[in-house]
Amino acid sequence: MKKNFKSYAIVWAIGLVIFNLCAFLVPSPTKFTPGFWLGYGFITIAFILHIGTAYFTFSKDEAKEKLFLNLPAITISFITLICTAIVAAITMVAPGFPDWLGAIFCFACFGLGVAATLLSKTAGDMVSQKEEKIKVQTFFIKALTVDADTLVSQSQIPEIKAQVTKVYEAIRYSDPVSNEALAGAEAQITLKFNELQNAVSENDVQSVQTISNDLLILIKDRNSKCKLLK
Amino acid sequence: MEVFHMAKITEVIKYEGDNSTFIWKHPSEDFNSLTQLIVHESQEAIFFMNGQALDLFGPGRYTLDSENIPVLGKLLNLATGGESPFHCEVYFINKTVQMSVKWGTDSKVRYIDPLTGVPLELGASGEMNLQVCDSRKLLIKLVGTMNGIAWGDSREGFTKSLNDCFRPLISTAVKANLTPAIKRGGIDILEIDERLEELSGVLRESIVPGFEEYGLTIPQLYVTTIVLPENDPNFKKIRELHTISFQKKVVEAETEIRTAKLEAEAEVRTAQAEADAGVFAAQRKAELERQTTETEIARREAERDLIRAQTEAQAAKMAGFAEAEVMAAKGYNEKDVLQAEVQKAFAEGLGNMGGNGGAGGGMMSDIVGLGVGLQAAGAMSGQLGGIFNGFAGGFQTPGAPAQAPEATANIQCANCGNTLPANAKFCLECGTKVENLAENEMICPACGKKTAKGKFCMECGASLILKCAKCGAEIPTGAKFCLECGEKL
């Protein structure tokens, strides 16, 4: 990510240099007027804010998901930069354009952009939080599904395989969203599943059958409670 | 309206399909967080977010938490050209029982009749009730990304139907299990309609596991029709054989009925005869007892009379002896007595003519009186001696010959052969009534009626000639042993 930021920063710097060159080298009758400096100031601040946004987006070792969620912020800050640059440029170079009007437009544009950037960042954070929550809530069933799938592969005796497959299917098609109130039930399922793993490793058909039946009942009970707690 | 539309932040998601659809996807997708989900009592709903089947909702109203933030979500969509990257959708699952779903085999089922070995081709069809038992499984395994699924009709977005999916399963299960079930149950092909329930149960057990694997269950399965090959010559042959067999059974049944009826009648007659015999035996027993009692009474009376007569005779005898001793003491003998008797008689004759007959002389009176007494004693003692001999012990009068009793003609009982007195009316042993038979009459041993002596009974026609059971020789009447072989009769 830092590498990406460096590349982006270089591009940003080039953009800033080009702006400064245009601002100071291009002859204009309104050069160095209050309107000029107003426009120049807003554009510069927009550049700084944009690179700041880019820094917070690219510089940290964030996951791709986070990066994706922060993309709108960068997009909005870039749009803000462009819009502010346009309005500020008009203020800078347009002769007879009132400075106060230019200030208002620049500020509005800049302000909205900043607000939008912040809001998109907030939205991104909210989405990220929800995803984290979903991830935590669905972790138990997902992990158990993987373990059950592995157990099916490990089963060598056909009778054991059939029983373990039933357990796998029951877990696979269970409600993945857990709840705090289900902690007890899920703990029991975990214990029973460990017993099942031991029985499978020992190729004990009878035990596998008994434990599988108990496990199916526990899973069904857990799913019923899960539905009730929605 | 536009204003309200613009002010709309969230949505309301509820079922808008029909009752025959098993799974239906709500058209609204990528809806905002805080969207209201309403699930009906007969439904379930599964919330998909970012491609994952997450929450399963039962009946009620729920607030969904998607990643599409109201208003702000638009900002996040800028990176993706306005399209929300946070996909979410809701599937509704109909949990009602779908009744009378038709099923049938696509081709005939081959069947070999076990009795005749004749090959036949059967068809089977019926209806079943279908219900979703595992919503998630059905949705994930079968529906996938379709807009929904129903049993038959294809609707918009329903690229396949459950009928298409399960037809091979039903067809195979029916073909594989129908004929073994018929054979196992010993079901006659012509009476197969009687056992449709049984066949339905067998087929259901074989089909349900396949459905349950995909989240469906069959609460009831009905085989309503087994199509028989009416025009097949083999089937016609079986029907003819069945008719013949049926007729044979009818005849056998009728024979059994008649036999049972005859046996019952015979039993009734036997019971009646036994009852009559019992009554008769009881009557005879009572009669016998009565006769025995009367006989006993008569015997006792006779004994009393005998004793009385004996006593009187003894007394008369003793009186006679005493008188004789008196006369002997007086010096009279028998000759004197007889002479006196004659004289008495003459005197009585004269007396009758003259007057004074009776009082003539003490000696004559004594002798006459003694002679009368002695004669009376002699006569009486003879009679009494005979009677006494008849009872037992014997009673000997000195000087008087014991006269044998008058010879009475004894008779034999026709039933048991017991010897009976001539005047007996019933047998003392068996109580049989003694018939007063003439010399040329007898009692028929077969019917027990009086008949003339001869070779055959006039009443029943039975042979009256008795034959030995061992050698078959003729036996004369009254014989106790066979004349030829000596077998006891």
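B:Phe47 stands opposite B:Val90 in strand β7 of chain B. This is a predicted model, where local features need pLDDT of at least 70, side-chain atom pairs count only at pLDDT 80 or more, and totals for chains, interfaces and linings use all residues. Residues are numbered from 1 along each chain as its sequence is written, chains are lettered from A and ligands numbered from 1 in the order in which they are written, and side-chain values use heavy atoms, with hydrogens and water left out.

Strands here are DSSP runs of E with at least two residues, helices are runs of H or I with at least four residues, and both are numbered from the N terminus. Two strands pair if DSSP finds at least two bridges between them. So who pairs with β7(B)? Strand β4 (residues 43-49) of chain B runs antiparallel to β7(B), joined by 7 bridges. Strand β2 (residues 21-25) of chain B is also antiparallel to β7(B), with 3 bridges, and there B:Trp24 has B:Phe92 as its bridge partner.

Let's look at burial next. Buried means under 20% relative accessible area, exposed means over 50%, and partly exposed is in between (1.4 Å probe, protein chains only). In β7(B) (residues 88-94), 7 of the 7 residues are buried, so the strand is largely enclosed by the rest of the structure. B:Cys88, B:Val90, B:Phe92 and B:Asn94 point one way, while B:Glu89, B:Tyr91 and B:Ile93 point the other way.

Helix α3 (residues 135-143) of chain B is largely enclosed too, because 7 of its 9 residues are buried. Among them are B:Arg136, B:Leu138 and B:Leu142. Just after this helix, B:Gly144 takes a positive phi of about 65 degrees.

## Where chain B meets chain A

Contact means heavy atoms within 4.5 Å, and 30 residues of chain B are in contact with 27 residues of chain A. The buried area (the accessible area, with a 1.4 Å probe, that two parts lose on being put together, summed over both) is about 2,400 Å² between these chains, and carbon and sulfur atoms give 69% of it.

A salt bridge is a side-chain nitrogen of Lys or Arg within 4 Å of a carboxyl oxygen of Asp or Glu, and the rule finds 6 of them across this interface. On the side of chain B that touches chain A, β4, β5 (52-57), α2 (72-76) and α3 each supply at least two residues. The biggest giver is β5(B), with 6 residues.

## Salt bridges up close

Over all chains, the salt bridge count comes to 27. One of them pairs A:Lys227 with B:Glu44, with the closest N and O atoms 2.5 Å apart. A:Lys227 lies in helix α7 (residues 205-228) of chain A and B:Glu44 in β4 of chain B, so the pair joins two chains. B:Glu44 is buried at 7% relative accessibility, whereas A:Lys227 is partly exposed at 26%.

Within chain B, B:Glu127 forms a salt bridge with B:Lys102, at 2.9 Å between the closest N and O atoms. B:Glu127 sits in strand β10 (residues 119-132) and B:Lys102 in strand β8 (residues 98-104), so to speak distant parts of the chain, 25 residues apart. B:Lys102 is exposed at 55%, and B:Glu127 is partly exposed at 25%.
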